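Have the coordinates open as you read.

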Amino acid sequence: MNIVLIGATGAIGSRILDEALRRGHTVSAVTRDPRKLDPRPGMTIRAGSTSDGPGLTQVVKGHDAVVVSVKWNENDVTRIIDVIRKAGVKRCLFVIGAGSLLRKDGRTHLEHMADKGVQPPTSKPASLAYEEIKKVTDLDWTAISPAASIQPGRRTGKFRLGLDKLIEDKEGQSLISREDFAVAILDELEKGKHIRKRFTAAY
């Protein structure tokens, strides 16, 4: 596939880039600072920012799919959706965080964290971004949420998938490595099993 990746130098975006290139896809890696990326086979480095809608539209045009992995407290999801529409790309995948996933007690993970006095700056904006994404009916979108904890780690290729519920292991932990999260994202791009749905991946 010919993929455009918005947020290619981020903690998760860099792993998505690695996984896509590992599988032989062609990637346009979009970053606000091209100096953060070194040339690699199969990758084109593109300067771009979600604050420049017309410029980003030109970058996105001509690709098979768009992957958006950005900090939602710094980026406007409606502008990004508008860019994808104007660029004429139907297939898009958004990384939206774990905050909107439902826990066993029926609360969102965001509500659970707030009760514990923890409010990560991106969690609420990511949940609001997902609400906007769900309204879209003219694009083949997928939203993906990680486990509650997503850290650097190993690529095992072994994890579980779910939809709107937080996945926990037998000890009540919700974990996935950034490397395996990227595997889940590329699997979805290649197989398209969650069109106009959100899904999650965890151990």
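## Helix 6

Helix 6 (residues 178-191) has 14 residues and runs 20 Å from its first C-alpha to its last, close to the 20 Å expected at 1.5 Å a residue (the expected span is 1.5 Å times one less than the number of residues). Helices here are DSSP runs of H or I, at least four residues, numbered from the N terminus.

This is a predicted model, where local features need pLDDT of at least 70 and side-chain atom pairs count only at pLDDT 80 or more, while totals for chains, interfaces and linings use all residues. Residues are numbered from 1 along each chain as its sequence is written, and side-chain values use heavy atoms, leaving out hydrogens and water.

Buried means under 20% relative accessible area (1.4 Å probe, protein chains only). Among them are Phe181, Ile185 and Leu189, but also Arg178, Glu179, Asp180 and Glu188.

## Helix 2 against helix 3

Helix 2 (residues 53-60) packs on helix 3 (residues 77-87) at about 45 degrees, with the axes 8 Å apart. Axes are lines fitted to C-alpha atoms over the stretch in contact, and angles run from 0 to 180 degrees between N-to-C directions.

On one side sit Gly53, Leu56, Thr57 and Val60 of helix 2; they meet Arg79, Val83, Lys86 and Ala87 of helix 3 (contact means heavy atoms within 4.5 Å).

## Ser127

Ser127 belongs to helix 5 (residues 123-133). Ser127 is buried, at 11% relative accessible area.

How values were computed
Helix = DSSP H or I, 4+ residues; strand = E, 2+ residues; numbered from the N terminus. Buried < 20%, exposed > 50% of the residue type's maximum accessible area, 1.4 Å probe, protein only.
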